[in-house]
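Here is a short report on the structure shown below.

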Amino acid sequence: MSEAFIKLDAVRKVYQARDEEIVAVSDVTMDIEQGEFVSLVGPSGCGKTTLLKILAGLHQQDGGTVSIGGGGVSFDPSRDVGMVFQAALLLKWRKIIDNVLLPAEILGLPMGEARERARDLLAMVGLDGFEEKYPYELSGGMQQRAAIARSLVHDPKLILMDEPFGALDALTRDKMNLELMRIWRESRKTIVFVTHSIPEAIFLGTRVAVLTARPARMADNFRVDLKMPRKLEVKTSGKFGRYALRIYRLLGLE
Amino acid sequence: MTTWMAEKSKHYGLIIAIHLLVVLIWYLFVEIWDVPAYVMPTPQATLAALTVDYNWLANTKVTAIEIFGGYFIAVFVGVGLALLFSWFRLLNTTLMPLVVSLNMIPKVAMGPLFIVWMSYGVIPNIIIAFSICFLPILLTTDRGLKEIEPDLVDLVRALKASRWQIFTKIQLPGSLPYIFSGMKVAVVLAVAGAIVGEFIASQEGLGYLMLQVQVTLDTAAMFMAVLLITLVGVALYLLVLALEHVFVIRDSRVQ
Ligand SMILES: Nc1ncnc2c1ncn2[C@@H]1O[C@H](COP(=O)(O)OP(=O)(O)O)[C@@H](O)[C@H]1O
Ligand SMILES: [Mg+2]
């Protein structure tokens with residue numbers, strides 16, 4: 001069997017709060033192939049964000065091993081990570097195009113090329129013509145699209161998304177799900193996607209990992225065998241329903 | 001565009017009008033109540049004081065140097081210290097309480113000591129102006145830096161951004177609205193600091209001049225001195241507003 005792009009083995013993370021230790025992640029083991037879209041679901045406070053921060057190299061795990069770059073794909077931890085959060089977190093004093101360019105500036109990439117790429121990415125996320133606007137001139141959904149373009153501008157191999165659509169209304173969210181499905185298929189990136197929404201996790205994921213309540217332990221980790229590209233009607237299929245039920249059971253929500 | 005300009009000129013017209021109104025009330029007050037000139041001179045008499053050779057230009061220049069000097073040193077030190085505090089938590093926990101208690105020292109009471117240490121001159125007055133106005137800048141910058149979204153910092157830290165990059169690209173522009181609110185408060189403090197310094201230990205400047213003419217009861221000259229001090233303060237305030245207009249863009253200003 002070939003080596004995976006990301007290998008998590010018995011990963012553990014403990015936070016030191018005043019007089020107690022908070023075990024945020026305990027014993028997470030998982031392999032992720034290059035190009036996969038992995039949905040992480042689990043109750044609030046179970047350690048999903050912590051896991052993403054470990055993958056981003058922002059936190060050091062307290063136990064176990066994390067290895068990224070394998071299966072014939074190299075990985076440079078300083079420039080191969082793109083992140084999207086629940087809030088778009090655009091710099092409000094910068095135009096959209098300059099917001100998208102932020103990672104390129106930080107990494108010192110050639111700006112001429114980066115600017116071209118930023119324009120292409122903005123077109124890809126449907127923000128053609130908004131390059132020179134300021135964030136406050138965009139709706140929440142549009143701001144999140146710009147944040148997605150920003151996470152792609154330095155062409156990273158791994159995109160980490162932490163409930164990126166959690167603040168959007170249901171309709172916009174469905175629309176963004178379709179967009180993200182397309183963007184992922186076009187860009188062939190490996191995406192780890194944290195969400196509270198079980199339908200969203202199944203709809204987008206090639207794989208769904210279910211974490212239990214604190215401390216995060218891997219309760220399940222399965223391939224989603226639904227044909228790509230997926231359309232919204234897939235959510236009404238029996239197979240989709242069975243996947244959802246499987247997750248609801250694990251989370252004790254039957 | 002033209003309506004925008006009409007809007008603007010109306011705005012400035014109103015500002016000038018309200019100031020002129022105050023001068024008119026001052027004039028009428030003195031005339032109607034027949035206030036003696038040594039108590040309160042008329043606006044014309046105040047203006048006429050300029051014709052007396054009190055070295056107006058040189059004295060105004062000295063006071064302006066003290067105010068602007070103390071002020072801009074305070075801006076750099078205030079922002080710089082806040083930044084250092086945000087970088088090094090140990091520094092924050094040890095030095096911040098010290099800064100706060102040092103700030104409680106009445107700077108005015110330090111004046112006579114400054115004479116002992118540094119003799120008369122511009123430098124001790126710059127130091128008094130600085131010490132009296134830098135705390136609000138430190139506190140507002142500190143606050144602004146704390147308001148920066150931690151996730152935003154994580155986003156660039158994941159790209160191994162340097163401390164300097166994080167400061168120049170995210171922290172500084174992000175906290176500018178806060179910094180400017182502290183800078184506005186600091187203007188009036190810098191003016192007060194410089195003048196108090198001149199009262200205590202100086203041989204030049206508008207504050208020193210006020211003490212000189214007080215002896216001869218030249219109230220018109222005292223009024224003129226106060227007016228010039230005020231104008232220096234207003235000039236500094238307008239400069240700060242202009243800088244804010246240039247550097248704090250769009251809705252990051254409304255907060
Ligand atoms: N910096 C921190 N210090 C102490 N405790 C933390 C810290 N970050 C997260 N935690 C705790 O760790 C647990 C997991 O947090 P998190 O990873 O944010 O969960 P999730 O993203 O799944 O909601 C929570 O109980 C949270 O309170
Ligand atoms: Mg979270």
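## Terms for the sheets

Two strands count as paired if DSSP finds at least two bridges between them. Strands themselves are DSSP runs of E, at least two residues long, numbered from the N terminus.

## The six-stranded sheet of chain A

This is a predicted model. In chain A, six strands form an open sheet with mixed pairing. Their order is β5-β6-β7-β3-β8-β9. The edges are β5 (81-84) and β9 (218-223) of chain A. Each has a single partner strand, so one side of each lacks a neighbour in the sheet. Neighbouring strands are turned by 15° against each other on average, direction ignored.

Strand β8 (residues 207-211) of chain A runs antiparallel to β9(A), and five bridges join the two. Within this pair, V208(A) stands opposite F222(A) of β9(A). Helix α6 (residues 170-187) of chain A packs on the sheet. It touches β3 (37-41), β6 (158-162) and β7 (190-195) of chain A. The direction of α6(A) makes about 160° with that of β7(A).

## The three-stranded sheet of chain A

Chain A also has an open sheet of three strands, ordered β2-β1-β4, with antiparallel pairing. Here β2 (20-32) and β4 (63-68) of chain A stand at the edges. Each has a single partner strand, so one side of each is left without a neighbour in the sheet. The twist averages 30° from one strand to the next.

Strand β1 (residues 6-17) of chain A pairs with β2(A) over nine bridges, in the antiparallel sense. V14(A) faces V23(A) in β2(A). Helix α1 (residues 48-55) of chain A lies across β1, β2 and β4 of chain A. This helix runs at about 115° to β1(A).

## The largest pocket

What is the volume of the largest pocket? It is about 690 Å³. The pocket is lined by 20 residues, and the closest to its centre are I15(B), H19(B), L231(B), V234(B) and L238(B). The elements giving two or more residues to the lining are α1 (2-33), α2 (43-48) and α10 (219-247) of chain B.

The largest share, nine residues, comes from α1(B). By class, the lining has 14 nonpolar, five polar and one charged residues.

## Confidence

Chain A averages a pLDDT of 91, with 99% of the residues scoring at least 70. Within chain A, confidence is lowest in β2(A), at a mean of 89. It is highest in helix α2 (residues 96-100) of chain A, at 97.

Chain B averages a pLDDT of 91, with 97% of the residues scoring at least 70. For the complex, the predictor gives an ipTM of 0.87 and a pTM of 0.85.

Definitions and conventions: Residues numbered from 1 in each chain as written. Chains lettered and ligands numbered in written order. Predicted model: local features only at pLDDT ≥ 70, side-chain atom pairs only at ≥ 80, totals over all residues. Heavy atoms only, no water. Helix = DSSP H or I, 4+ residues; strand = E, 2+ residues; numbered from the N terminus. Axes fitted to C-alpha atoms, helices over the stretch in contact; angles between N-to-C directions. Contact = heavy atoms within 4.5 Å. pLDDT = per-residue confidence, 0-100. 1 Å grid on protein atoms, 1.4 Å probe; cavity = no way out; pocket = protein on both sides within 12 Å on 5 of 7 lines; lining within 4 Å. Points joined across faces, edges and corners; volume = space filled by probe spheres on them. Nonpolar A, V, L, I, M, F, W, Y, C, P; charged D, E, K, R; others polar.
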